[in-house]
Amino acid sequence: MSISRRVFVKSGGVALFSLGMDPLFLARAALGSYKPLPPVAACCRPVLVCLFQRGAVDGLNMIVPHGDPLYYRERPRIAVPQSDVVDLDGYFGLHPRLAALKPLWDSKRLAAIHAIGSPDATRSHFDAQDYMESGTPGVKATPDGWLNRYCQHDREHQDTPFRAVAFGPELPRILAGTAPSLAIADLQAFGLRAPQAAARDRLTRAFEELYAGSATGLLSASSQEAFEAVQTLKRVDPTQYQPANGADYPRGKLGKAMLEIAQLIKADVGLQVAFADVTGWDTHVNQGATEGQLAARLAELGQTLTAFAQDLGEKLDDVVVLTMSEFGRTVRENGNSGTDHGHATAMLLLGGPVNGGRVLGAWPGLDPASRFEGRDVAVTTDFRDLFAEVLARHLGARDLSAIFPGFTPDPARFPGAIRG
Amino acid sequence: MKTRVVRFLTIVVAWPPAVGAQHAAPSTPRDSALHALNRLAYGPRPGEIERVAAGGVLRWIDAQLAPDKIDDETVAKRAREFDVLKYDRGDLARLYAEVQRARQQRKRMGDTAADKPDDSPIAMRGRRFAAQVQQLAVVRAALSERQLYEVMVDFWTNHFNVYFAKGADRFLTPDYIEHTIRPHAMGRFEDLLIATAKSPAMLFYLDNWQSIAPGAFPRSPLSALRREDQEVRRAPKGINENYARELLELHTLGVDGGYSQHDVIDVARIFTGWSIRRPQQGADFEFHDWAHDTGDKQVLGIEFERGHGMDEAIRLLKLLADHPATMHHVSRKLCQRFVNDDPPDGCVDDAVAAWQRSHGDIRDVLRAIFHGPDFWAAANIRAKVKTPLEFVVSAARAVDAEPDTTPRLAQVVARLGEPLYLHVAPDGYPEREDAWVNSGAVLDRMNAAVALAAGRLPGAVATLDSVAPVTANPVQLIAGIDGGILGGTMSENTKRVIAEQVSDITDPVQARALAVGLAIGGPEFQRQ
């Protein structure tokens, strides 16, 4: 990192000079650790977008096993009627509010995987999210997240502050760690604010010098990443962005995050790993069937993914969107027309490299004898097998055992989510 | 270690000397006053470091541990400006129901804009009240003389988190803060635990209000259970484990506290029937004996024999409040808050011992932490990064700003990543810096600092005269800001950068505002 930064400081000075900046500006810039724009990234870099459904999505009502009468017997009030399900393969089907995704399924760019989850039995949201983000089920002490560890072990893309970006006010656990990563709540408002551009640049440099000189620990790393990003965004100019191909993102945080991800992908700033999360899946009460709370969340998810695919157009060939959720929910509905914390759930994969048009994973069935602890869908795919496959076969990660310590990824167990 | 600190403390307050002779940090009464003000309070106001140092840091700490004896009329007067406090739970429930009804009606009328913000006068009033509740927390934190008490209110608000935007919690949360958290914030843990268990806000947030024994039926018509807010259209039909699980995992024992899924289920059974009255009737706590599971239960190996009612949950709560795993779990969080994100074992041990001695008197636990060696250890001075709330409030205090009832500062707290009462998950905002220190948030802090110092945050006007005089002499200006805002901890680099930045600004008032903004947005002020 430090070597490339020093090189940039040098070449950056030249670039500024050629832009005809005044000497005072240059003097100030030279005093600070001014960093120029990264080189324009090559096209066609693979991008992974992780989308966390926080609160434990009910996989059974997202990818509905409508071919199983047990599903209807266990959920008299909240099962999605067979007549409403968007059939996929005669047994599974999409929740009707995900119908917008069906064309992507038909063109083999959307896959689902069922009965996936953690080998750890916890039904605590916090533990299970923690494990799914740290990538070390059952081990709390892991300091970093698996997406960050990927960035630590694959050092090809370190020349851009936008390599790993979380869209939201907080940097999530999954990206916590020593590899630089950004948290962006609002792409347009990112950076120092001042009435005029000159004042803004001056403030930016002043704070950059303050933090370069005196910040320690996480404050130092975070501020350094921040100022690198500010420089790059100046070039991208997010205020001018228009989604392509008539893509219509739903209002709300999820739509906004995915729009900004699409924007950065198209701007070629070197984005490789993006993360967004969406809440509202903890449907203990009145989750609904074809309509209702869960349906509304799924509609937002489906519309967002559809808009994202449209907006990216051909760029989708380089992108994989992976949804995840900490666990699934009870097979049987509870006393409040909802579902309680369960075990395995379903995840979605969208993008050109995806081995689409199929429901992956071994399906254990809903028979009480094959359930986990007699009540939940059993886990037949360790989430690490899917994550490892996506990292290896989409991003080209090599050192999988370093990314998932204590786990030996085995290509023979990969669920087959990425086309070979 | 302990003797060393006892020795240090005696120096600080000029008490009779005790044994021990080693050097200890912080080195001067001013340094220790700053440390105490950073941790037990939301940072120093102008001149406060000197006042606390002169009066004796330990004496100030002891005074903070007895908040009832501190006169706080100024903030009480300010709180009365927030008219949301004039409305009780029933009033707010009715207002909320009215907003909901109007919204439903708009939906029925086919108003396609029903999902857009509702700008009707009554909806605006509801939103104004919600914003007031958040701003009130900032005002109290900024202006109260009972600083430690306000810090503890924030701590327990997160420990016993509810989510302001979940259905009925929109009108239950203000009451929860006023009448559940605040009265017990520095009392006995057991009382606080029981108060939260009975609070309508928690009963609603974690769904216990509708957890009933399987097959139980109300004696009164089912319609009595139907809620105004339409969250639930059907009568509940069984137990709900949500509260039971979080009670064990988050409120008391901790996730490694040694309980099983079986314990969770039986705790849920013990709490069946703990519910809420209808909003029109004031939404008070109500125990429904018809909904209670009266069978045998077993929790943590302890028998709860059949035939009991509401009393068995109280018995369980007392047992949990006094459980060693609870003492350890909560003490650890307190040490995290007051000492270090990675709490030293010694601090936790001291706190647990005090908890045992005092049967969970929070003041005694806190006293043990503040008198322990870890609190004063050099490694823990400025070892924590301020949370968004701590940053915003300490900045307001540093420049002697008097925030008004407009939600300006609460909005800044939200922008920095931790909107008040809006952490959706029951674990509350985390106590570790990696949750709030990230590149975007760091930039937002700089922006907030500059805006505050430049007077661009209406509703929180900085009084920079109390920080540093208007002067054309940059050395004098920087020295004033260093002493007034950073307690003399400004680095040479920061001094150099500020000097350079103000060097070409001819208007000394503007130069001062920029210098203060840089100091508050700079790296030293982020730490505590």
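Predicted model: local features only at pLDDT ≥ 70, side-chain atom pairs only at ≥ 80, totals over all residues.
A residue is taken as buried when its relative accessible area is under 20%. An α-helix has 3.6 residues a turn, so residues three or four places apart point the same way.

Where α22(B) begins, Asn473(B) brings a side-chain oxygen to within 2.9 Å of the backbone nitrogen of Val475(B). Just beyond the other end, Gly487(B) adopts a positive phi of about 60 degrees.

Elsewhere in chain B, helix α10 (residues 189-198) packs against helix α14 (residues 311-321), with the two axes 9 Å apart and at an angle of about 140 degrees. Since angles over 145 degrees would count as roughly antiparallel, α10(B) and α14(B) are therefore classed as oblique to each other. The crossing of α10(B) past α14(B) is right-handed. On the α10(B) side, the contact is made by Phe189(B), Glu190(B), Leu193(B), Ile194(B), Ala197(B) and Lys198(B). Helix α14(B) contributes Ile314(B), Leu317(B), Lys318(B), Leu320(B) and Ala321(B).

Turning to chain A, the secondary structure consists of 13 helices and twelve strands. Of its 420 residues, 62% count as buried. Among contacts in chain A with a separation of 6 or more, 74% join residues 24 or more positions apart. The chain exposes about 15,000 Å², with 55% of that area supplied by carbon and sulfur atoms.

Apart from neighbours within four places in sequence, Gln129(A) is in contact with Phe52(A), Arg54(A), Gly55(A) and Glu326(A).

Most residues other than glycine have a negative phi. Ala56(A), however, has a positive phi of about 75 degrees. This alanine belongs to the loop between β1 (47-53) and α3 (59-62) of chain A, and its relative accessibility of 0% means that Ala56(A) counts as buried. In chain B, His359(B) also has a positive phi, near 55 degrees. His359(B) is placed in the loop between α16 (345-358) and α17 (362-371).

Methods
Residues numbered from 1 in each chain as written. Chains lettered and ligands numbered in written order. Heavy atoms only, no water. Contact = heavy atoms within 4.5 Å. Helix = DSSP H or I, 4+ residues; strand = E, 2+ residues; numbered from the N terminus. Buried < 20%, exposed > 50% of the residue type's maximum accessible area, 1.4 Å probe, protein only. Areas by Shrake-Rupley, 256 points an atom, 1.4 Å probe, with all protein chains shown as cover. Polar contact = N/O pair within 3.5 Å; in protein donor to acceptor, adjacent residues only side chain to side chain. Axes fitted to C-alpha atoms, helices over the stretch in contact; angles between N-to-C directions. Parallel < 35°, antiparallel > 145°, perpendicular 65-115°, else oblique. Left-handed = near helix turned anticlockwise from the far one by under 90°.
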